[in-house]
Amino acid sequence: MVTDRFGRHIRYLRISLTDRCNLRCVYCMPEDMVFRPHAEMMQDDEIITLFRLFVDLGFDKFRLTGGEPTTRANIVELVREMCATPGAGEVSMTTNGILLDKLAKPLAEAGLKRCNISVDTLNPERFRQITRWGRVEDVRQGILAIEEAGLLPIKLNSVVSRGMNDGQDVVDLAALTLEHPWQIRFIEMMPLGGLGDFQQAQIVTEAELRSTIEAQLGPLGMLNGGKLDGEARIYKLKNAQGDLGFISSVSAPFCATCSRVRLTADGRLRLCLLREKEVDLLTPLRQGATRAELQHLILTGIWQKPWGHGLAENDIAANRQMSEIGG
Ligand code: SAM
Ligand code: SF4
(Lines give C-alpha, C1' and ligand atoms only; values in the text may rest on other atoms or scores of the structure.)
(Ligands and ions follow the chains in the order given, each with its own letter.)
Protein backbone atom coordinates (compact mmCIF):
# COMPACT_ATOMS: atom_id res chain seq x y z
CA MET A 1 0.00 0.00 0.00
CA VAL A 2 1.36 3.45 -0.93
CA THR A 3 1.27 6.09 1.79
CA ASP A 4 2.47 9.65 2.08
CA ARG A 5 4.30 11.16 5.05
CA PHE A 6 0.95 12.15 6.63
CA GLY A 7 -0.21 8.53 6.61
CA ARG A 8 -2.72 8.99 3.81
CA HIS A 9 -3.21 5.88 1.66
CA ILE A 10 -2.81 6.87 -1.98
CA ARG A 11 -4.54 4.52 -4.41
CA TYR A 12 -6.43 6.71 -6.88
CA LEU A 13 -4.82 8.02 -10.07
CA ARG A 14 -6.42 10.52 -12.43
CA ILE A 15 -4.82 10.34 -15.85
CA SER A 16 -5.05 13.25 -18.28
CA LEU A 17 -5.04 11.63 -21.71
CA THR A 18 -4.71 14.89 -23.64
CA ASP A 19 -4.54 18.63 -23.02
CA ARG A 20 -6.74 19.22 -26.07
CA CYS A 21 -10.47 19.75 -26.03
CA ASN A 22 -13.38 20.21 -28.36
CA LEU A 23 -14.73 23.00 -26.06
CA ARG A 24 -13.15 26.04 -24.37
CA CYS A 25 -14.97 26.45 -21.03
CA VAL A 26 -14.26 29.95 -19.77
CA TYR A 27 -13.05 28.82 -16.33
CA CYS A 28 -10.82 26.09 -17.73
CA MET A 29 -8.80 27.48 -20.60
CA PRO A 30 -8.40 30.63 -22.68
CA GLU A 31 -10.03 30.75 -26.11
CA ASP A 32 -6.63 30.93 -27.81
CA MET A 33 -5.17 28.13 -25.69
CA VAL A 34 -1.84 26.91 -27.06
CA PHE A 35 -1.52 23.16 -26.77
CA ARG A 36 1.72 21.29 -26.19
CA PRO A 37 3.40 19.60 -29.17
CA HIS A 38 2.24 16.05 -29.73
CA ALA A 39 5.76 14.65 -29.19
CA GLU A 40 5.78 15.98 -25.59
CA MET A 41 2.65 14.01 -24.78
CA MET A 42 2.46 10.46 -23.49
CA GLN A 43 2.05 8.03 -26.37
CA ASP A 44 -0.33 5.06 -26.07
CA ASP A 45 2.36 2.55 -25.07
CA GLU A 46 3.79 4.99 -22.51
CA ILE A 47 0.37 5.49 -20.92
CA ILE A 48 -0.12 1.75 -20.61
CA THR A 49 3.38 1.21 -19.16
CA LEU A 50 2.85 3.88 -16.51
CA PHE A 51 -0.72 2.69 -15.83
CA ARG A 52 0.59 -0.83 -15.10
CA LEU A 53 3.28 0.50 -12.78
CA PHE A 54 0.58 2.15 -10.69
CA VAL A 55 -1.53 -1.04 -10.70
CA ASP A 56 1.51 -2.98 -9.46
CA LEU A 57 1.88 -0.44 -6.64
CA GLY A 58 -1.67 -1.20 -5.50
CA PHE A 59 -3.62 1.60 -7.19
CA ASP A 60 -7.12 0.31 -7.89
CA LYS A 61 -9.08 3.40 -8.89
CA PHE A 62 -8.38 5.24 -12.14
CA ARG A 63 -10.15 8.12 -13.83
CA LEU A 64 -9.43 9.16 -17.40
CA THR A 65 -9.72 12.86 -17.98
CA GLY A 66 -8.14 15.67 -19.97
CA GLY A 67 -8.64 18.01 -21.87
CA GLU A 68 -11.33 15.93 -23.40
CA PRO A 69 -10.43 12.23 -23.11
CA THR A 70 -12.88 11.15 -25.81
CA THR A 71 -10.98 13.21 -28.41
CA ARG A 72 -7.94 10.99 -28.02
CA ALA A 73 -7.39 8.67 -30.99
CA ASN A 74 -7.56 5.02 -29.90
CA ILE A 75 -9.47 5.87 -26.73
CA VAL A 76 -11.46 2.63 -26.90
CA GLU A 77 -8.31 0.52 -27.35
CA LEU A 78 -6.58 2.33 -24.49
CA VAL A 79 -9.52 1.65 -22.18
CA ARG A 80 -9.61 -1.98 -23.28
CA GLU A 81 -5.92 -2.46 -22.47
CA MET A 82 -6.24 -0.76 -19.11
CA CYS A 83 -9.31 -2.75 -18.10
CA ALA A 84 -7.67 -6.03 -19.17
CA THR A 85 -4.79 -5.40 -16.73
CA PRO A 86 -5.18 -7.78 -13.76
CA GLY A 87 -5.76 -5.82 -10.54
CA ALA A 88 -6.68 -2.58 -12.33
CA GLY A 89 -9.89 -2.21 -10.28
CA GLU A 90 -12.21 0.54 -11.46
CA VAL A 91 -11.46 2.58 -14.59
CA SER A 92 -13.87 5.46 -15.17
CA MET A 93 -13.90 8.72 -17.11
CA THR A 94 -14.75 12.40 -16.73
CA THR A 95 -15.93 13.86 -20.02
CA ASN A 96 -17.93 16.71 -21.48
CA GLY A 97 -20.12 14.04 -23.08
CA ILE A 98 -20.17 15.62 -26.53
CA LEU A 99 -18.83 12.50 -28.29
CA LEU A 100 -20.51 9.85 -26.12
CA ASP A 101 -23.40 9.38 -28.49
CA LYS A 102 -21.10 7.17 -30.58
CA LEU A 103 -18.52 6.16 -27.94
CA ALA A 104 -20.62 5.10 -24.93
CA LYS A 105 -21.30 1.57 -26.15
CA PRO A 106 -17.76 0.71 -27.34
CA LEU A 107 -16.32 2.19 -24.13
CA ALA A 108 -18.68 0.10 -21.99
CA GLU A 109 -17.76 -3.01 -23.99
CA ALA A 110 -14.07 -2.20 -23.50
CA GLY A 111 -14.62 -2.37 -19.74
CA LEU A 112 -15.12 1.27 -18.69
CA LYS A 113 -17.00 1.32 -15.39
CA ARG A 114 -18.67 4.74 -15.37
CA CYS A 115 -18.64 8.25 -16.80
CA ASN A 116 -19.01 11.56 -15.01
CA ILE A 117 -20.38 14.09 -17.46
CA SER A 118 -19.73 17.80 -17.01
CA VAL A 119 -22.65 20.10 -17.72
CA ASP A 120 -22.96 23.53 -16.10
CA THR A 121 -26.43 24.50 -17.33
CA LEU A 122 -29.35 23.06 -19.28
CA ASN A 123 -29.93 26.43 -20.97
CA PRO A 124 -28.65 26.18 -24.59
CA GLU A 125 -27.62 29.83 -24.86
CA ARG A 126 -25.80 29.88 -21.52
CA PHE A 127 -24.15 26.54 -22.29
CA ARG A 128 -22.78 28.09 -25.47
CA GLN A 129 -21.49 31.11 -23.52
CA ILE A 130 -19.74 28.98 -20.90
CA THR A 131 -18.20 26.50 -23.36
CA ARG A 132 -17.73 29.20 -26.05
CA TRP A 133 -19.29 27.04 -28.79
CA GLY A 134 -20.82 23.84 -27.35
CA ARG A 135 -24.38 22.54 -27.87
CA VAL A 136 -26.12 21.29 -24.72
CA GLU A 137 -28.23 18.98 -26.88
CA ASP A 138 -25.06 16.97 -27.68
CA VAL A 139 -24.48 16.51 -23.96
CA ARG A 140 -28.09 15.40 -23.46
CA GLN A 141 -27.59 12.74 -26.16
CA GLY A 142 -24.37 11.69 -24.44
CA ILE A 143 -26.15 11.24 -21.10
CA LEU A 144 -28.85 9.11 -22.74
CA ALA A 145 -26.15 7.07 -24.48
CA ILE A 146 -24.32 6.20 -21.24
CA GLU A 147 -27.62 5.31 -19.61
CA GLU A 148 -28.39 2.93 -22.47
CA ALA A 149 -24.85 1.50 -22.42
CA GLY A 150 -25.20 0.73 -18.68
CA LEU A 151 -22.40 3.07 -17.54
CA LEU A 152 -24.11 3.57 -14.18
CA PRO A 153 -24.67 5.27 -11.81
CA ILE A 154 -24.71 8.55 -13.72
CA LYS A 155 -23.05 11.56 -12.12
CA LEU A 156 -23.21 15.02 -13.66
CA ASN A 157 -20.62 17.60 -12.65
CA SER A 158 -21.48 21.26 -12.64
CA VAL A 159 -18.97 24.02 -11.95
CA VAL A 160 -20.86 26.99 -10.54
CA SER A 161 -19.70 30.48 -11.31
CA ARG A 162 -21.12 33.70 -9.85
CA GLY A 163 -23.24 35.68 -12.25
CA MET A 164 -23.00 32.93 -14.87
CA ASN A 165 -24.98 29.89 -13.72
CA ASP A 166 -25.61 30.35 -9.97
CA GLY A 167 -29.35 31.04 -10.21
CA GLN A 168 -32.05 29.25 -12.21
CA ASP A 169 -29.43 27.01 -13.89
CA VAL A 170 -28.54 25.40 -10.57
CA VAL A 171 -32.22 24.91 -9.72
CA ASP A 172 -32.95 23.32 -13.12
CA LEU A 173 -30.01 20.96 -12.77
CA ALA A 174 -31.05 20.00 -9.23
CA ALA A 175 -34.61 19.36 -10.45
CA LEU A 176 -33.28 16.62 -12.76
CA THR A 177 -32.92 14.42 -9.67
CA LEU A 178 -36.69 14.47 -9.16
CA GLU A 179 -37.14 12.42 -12.36
CA HIS A 180 -33.81 10.62 -12.76
CA PRO A 181 -31.68 8.43 -10.45
CA TRP A 182 -28.66 10.62 -11.16
CA GLN A 183 -26.29 12.46 -8.88
CA ILE A 184 -25.83 16.14 -9.74
CA ARG A 185 -22.62 17.46 -8.21
CA PHE A 186 -22.02 21.16 -7.79
CA ILE A 187 -18.35 22.01 -7.80
CA GLU A 188 -16.81 25.18 -6.43
CA MET A 189 -14.67 26.89 -8.98
CA MET A 190 -10.98 26.47 -8.23
CA PRO A 191 -8.31 29.05 -8.96
CA LEU A 192 -5.57 27.71 -11.18
CA GLY A 193 -3.19 28.83 -13.90
CA GLY A 194 -3.40 32.31 -15.38
CA LEU A 195 -7.18 32.36 -14.83
CA GLY A 196 -6.71 32.56 -11.03
CA ASP A 197 -7.97 36.11 -10.42
CA PHE A 198 -11.07 35.60 -12.48
CA GLN A 199 -11.88 32.31 -10.83
CA GLN A 200 -11.48 33.34 -7.18
CA ALA A 201 -13.94 36.18 -7.61
CA GLN A 202 -16.49 33.77 -9.06
CA ILE A 203 -16.60 31.16 -6.29
CA VAL A 204 -20.11 30.36 -5.02
CA THR A 205 -20.16 28.46 -1.73
CA GLU A 206 -22.13 25.35 -0.88
CA ALA A 207 -24.30 27.26 1.62
CA GLU A 208 -25.37 29.77 -1.05
CA LEU A 209 -26.17 26.99 -3.52
CA ARG A 210 -28.25 25.03 -1.04
CA SER A 211 -30.35 28.04 -0.16
CA THR A 212 -30.93 28.86 -3.86
CA ILE A 213 -32.12 25.30 -4.48
CA GLU A 214 -34.23 25.07 -1.32
CA ALA A 215 -36.00 28.37 -2.11
CA GLN A 216 -37.56 26.77 -5.20
CA LEU A 217 -37.50 23.01 -4.69
CA GLY A 218 -38.00 22.64 -0.93
CA PRO A 219 -35.79 21.40 1.89
CA LEU A 220 -32.74 19.27 1.26
CA GLY A 221 -32.15 16.28 3.52
CA MET A 222 -28.55 15.43 4.35
CA LEU A 223 -27.45 11.85 3.56
CA ASN A 224 -24.61 9.84 5.16
CA GLY A 225 -24.93 11.97 8.32
CA GLY A 226 -22.92 14.67 6.56
CA LYS A 227 -19.96 12.36 5.96
CA LEU A 228 -18.21 12.87 2.63
CA ASP A 229 -18.97 10.43 -0.16
CA GLY A 230 -15.65 10.62 -1.98
CA GLU A 231 -15.17 14.36 -2.07
CA ALA A 232 -18.88 15.29 -2.08
CA ARG A 233 -21.35 16.06 0.71
CA ILE A 234 -24.65 14.47 -0.32
CA TYR A 235 -28.21 15.80 0.01
CA LYS A 236 -31.57 14.76 -1.39
CA LEU A 237 -34.75 16.58 -2.32
CA LYS A 238 -38.01 15.14 -0.97
CA ASN A 239 -39.24 12.26 -3.18
CA ALA A 240 -36.29 12.62 -5.52
CA GLN A 241 -34.91 9.61 -7.41
CA GLY A 242 -31.39 10.97 -7.47
CA ASP A 243 -29.32 13.09 -5.13
CA LEU A 244 -27.19 16.21 -5.01
CA GLY A 245 -23.51 16.42 -4.17
CA PHE A 246 -21.56 19.51 -3.17
CA ILE A 247 -17.83 19.50 -3.77
CA SER A 248 -16.43 22.42 -1.83
CA SER A 249 -12.72 22.06 -2.44
CA VAL A 250 -12.01 25.70 -1.67
CA SER A 251 -14.34 26.60 1.21
CA ALA A 252 -14.28 23.15 2.92
CA PRO A 253 -11.25 21.24 1.64
CA PHE A 254 -11.14 17.46 1.96
CA CYS A 255 -7.31 17.22 2.02
CA ALA A 256 -7.26 15.03 5.15
CA THR A 257 -8.90 12.17 3.27
CA CYS A 258 -7.23 12.75 -0.09
CA SER A 259 -6.20 9.46 -1.70
CA ARG A 260 -5.34 10.72 -5.15
CA VAL A 261 -2.52 11.85 -7.36
CA ARG A 262 -2.61 12.84 -11.02
CA LEU A 263 -0.71 12.05 -14.17
CA THR A 264 -0.60 15.00 -16.58
CA ALA A 265 -0.87 14.46 -20.33
CA ASP A 266 2.88 15.09 -20.62
CA GLY A 267 3.66 12.40 -18.08
CA ARG A 268 4.26 14.34 -14.87
CA LEU A 269 3.02 12.99 -11.55
CA ARG A 270 1.09 15.92 -10.05
CA LEU A 271 0.95 15.43 -6.30
CA CYS A 272 -1.84 17.91 -5.48
CA LEU A 273 -4.19 19.54 -7.98
CA LEU A 274 -3.64 23.00 -6.51
CA ARG A 275 0.13 22.84 -5.90
CA GLU A 276 2.82 23.13 -8.55
CA LYS A 277 5.00 20.25 -7.33
CA GLU A 278 5.35 17.48 -9.95
CA VAL A 279 7.60 14.49 -10.65
CA ASP A 280 8.62 13.88 -14.25
CA LEU A 281 8.00 10.23 -15.14
CA LEU A 282 7.95 10.48 -18.93
CA THR A 283 11.55 11.69 -19.44
CA PRO A 284 13.09 8.86 -17.37
CA LEU A 285 10.76 6.37 -19.09
CA ARG A 286 12.01 7.59 -22.48
CA GLN A 287 15.60 7.44 -21.26
CA GLY A 288 15.21 3.76 -20.42
CA ALA A 289 14.62 3.82 -16.65
CA THR A 290 13.77 0.40 -15.25
CA ARG A 291 10.41 -0.42 -13.67
CA ALA A 292 12.07 -0.39 -10.25
CA GLU A 293 13.56 3.06 -10.89
CA LEU A 294 10.22 4.45 -12.05
CA GLN A 295 8.41 2.95 -9.07
CA HIS A 296 11.02 4.50 -6.78
CA LEU A 297 10.35 7.91 -8.36
CA ILE A 298 6.61 7.44 -7.84
CA LEU A 299 6.96 6.33 -4.22
CA THR A 300 9.38 9.08 -3.19
CA GLY A 301 7.22 11.65 -4.99
CA ILE A 302 4.07 10.49 -3.21
CA TRP A 303 5.87 10.53 0.14
CA GLN A 304 6.36 14.26 -0.48
CA LYS A 305 2.71 14.89 -1.42
CA PRO A 306 1.75 18.32 -0.03
CA TRP A 307 -0.82 18.31 2.76
CA GLY A 308 -3.22 20.51 0.82
CA HIS A 309 -3.74 23.70 -1.08
CA GLY A 310 -2.48 27.11 0.00
CA LEU A 311 -5.37 29.26 -1.14
CA ALA A 312 -5.81 30.83 2.31
CA GLU A 313 -2.25 32.16 1.96
CA ASN A 314 -3.04 33.23 -1.60
CA ASP A 315 -0.68 30.57 -2.95
CA ILE A 316 -2.21 29.78 -6.35
CA ALA A 317 -0.61 27.17 -8.62
CA ALA A 318 0.20 29.00 -11.83
CA ASN A 319 2.21 26.50 -13.84
CA ARG A 320 -0.73 24.81 -15.55
CA GLN A 321 -4.29 25.23 -16.72
CA MET A 322 -6.96 22.84 -15.41
CA SER A 323 -7.22 21.21 -18.84
CA GLU A 324 -3.60 20.02 -18.63
CA ILE A 325 -4.15 18.29 -15.30
CA GLY A 326 -7.65 17.00 -15.70
CA GLY A 327 -9.45 18.39 -12.64
N1 SAM B 1 -13.22 17.69 -20.52
C2 SAM B 1 -13.67 16.86 -19.47
C3 SAM B 1 -14.82 17.50 -18.73
O4 SAM B 1 -15.05 18.70 -18.93
O5 SAM B 1 -15.45 16.79 -17.96
C6 SAM B 1 -12.59 16.44 -18.50
C7 SAM B 1 -11.57 17.47 -18.11
S8 SAM B 1 -12.18 18.81 -17.15
C9 SAM B 1 -10.71 19.72 -16.82
C10 SAM B 1 -12.54 17.97 -15.62
C11 SAM B 1 -13.47 18.70 -14.69
O12 SAM B 1 -12.80 19.85 -14.22
C13 SAM B 1 -14.76 19.16 -15.33
O14 SAM B 1 -15.86 18.73 -14.55
C15 SAM B 1 -14.64 20.65 -15.32
O16 SAM B 1 -15.89 21.27 -15.20
C17 SAM B 1 -13.76 20.88 -14.12
N18 SAM B 1 -13.08 22.16 -14.09
C19 SAM B 1 -12.41 22.77 -15.09
N20 SAM B 1 -11.90 23.96 -14.67
C21 SAM B 1 -12.26 24.09 -13.37
C22 SAM B 1 -12.04 25.08 -12.35
N23 SAM B 1 -11.33 26.18 -12.59
N24 SAM B 1 -12.55 24.86 -11.13
C25 SAM B 1 -13.26 23.73 -10.85
N26 SAM B 1 -13.49 22.76 -11.74
C27 SAM B 1 -13.00 22.94 -12.99
FE1 SF4 C 1 -12.72 21.12 -22.19
FE2 SF4 C 1 -13.48 19.96 -19.94
FE3 SF4 C 1 -11.96 22.16 -19.89
FE4 SF4 C 1 -14.45 22.38 -20.70
S5 SF4 C 1 -13.77 21.75 -18.64
S6 SF4 C 1 -12.66 23.25 -21.72
S7 SF4 C 1 -14.81 20.47 -21.67
S8 SF4 C 1 -11.37 20.21 -20.65
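Keep in mind that the model is predicted.

**Stop 1: the ligand**

Now look at polar atoms. Select Ser-118: an N or O atom in its side chain is 2.5 Å from an oxygen atom of ligand 1. Move to Glu-68. Here an N or O atom of the side chain is 3.0 Å from a nitrogen atom of the ligand. Then pick Tyr-27 and show its backbone. One of its polar backbone atoms is 3.3 Å from a nitrogen atom of ligand 1.

How much of ligand 1 does the protein cover? On its own, ligand 1 has 550 Å² of accessible area, and the protein covers 94% of that.

**Stop 2: aromatic rings**

The structure holds five aromatic pairs. Begin with Phe-6 and Trp-307. Their ring centres are 5.2 Å apart and their planes are at 75°; an angle over 60 degrees counts as edge-to-face, so this pair is edge-to-face. Now trace the chain between them. Phe-6 is in the segment before strand 1 (12-16), while Trp-307 is in the loop between helix 10 (291-303) and helix 11 (322-325). Phe-6 is partly exposed, at 38% relative accessibility. Trp-307 is partly exposed too, at 44%.

Select Phe-51 and Phe-62 next. The ring centres are 4.4 Å apart and the planes are at 45°, so this pair is tilted. Phe-51 is in helix 1 (residues 44-56), and Phe-62 is in strand 2 (residues 61-65), eleven residues apart.

Now pick Phe-186, Tyr-235 and Phe-246 together. Ring pairs link them into a cluster.

One more ring: select Tyr-12 and Lys-61. Lys-61 lies over the face of Tyr-12, at 4.3 Å from the ring centre.

**Stop 3: salt bridges**

Side chains of opposite charge can pair when their charged atoms come close. In this model the count comes to 23 salt bridges.

Select Glu-137 and Arg-140. Their closest N and O atoms are 3.0 Å apart. They are three residues apart in helix 5 (residues 136-149), so about one helical turn separates them. Glu-137 is partly exposed, at 32% relative accessible area, and Arg-140 is partly exposed, at 43%.

Go to Lys-105 and Glu-109. This salt bridge has its closest N and O atoms 3.5 Å apart. Because the two are four residues apart in helix 3 (residues 100-110), about one helical turn separates them.

Then select Asp-19 and Arg-20. They form a salt bridge with the closest N and O atoms 3.7 Å apart. Asp-19 is buried, with a relative accessible area of 1%. Arg-20 is partly exposed, at 34%.

Last stop: which residues are linked in a network of salt bridges? Select Arg-36, Asp-266, Arg-270, Glu-278 and Arg-320 to see that network.

Conventions
Residues numbered from 1 in each chain as written. Chains lettered and ligands numbered in written order. Predicted model: local features only at pLDDT ≥ 70, side-chain atom pairs only at ≥ 80, totals over all residues. Heavy atoms only, no water. Phe/Tyr/Trp six-rings, centres within 6.5 Å; stacked < 30°, edge-to-face > 60°. Buried < 20%, exposed > 50% of the residue type's maximum accessible area, 1.4 Å probe, protein only. Lys NZ or Arg CZ within 6 Å of the ring centre and 35° of its normal. Salt bridge = Lys/Arg side-chain N within 4 Å of Asp/Glu carboxyl O. Polar contact = N/O pair within 3.5 Å; in protein donor to acceptor, adjacent residues only side chain to side chain. Areas by Shrake-Rupley, 256 points an atom, 1.4 Å probe, with all protein chains shown as cover.
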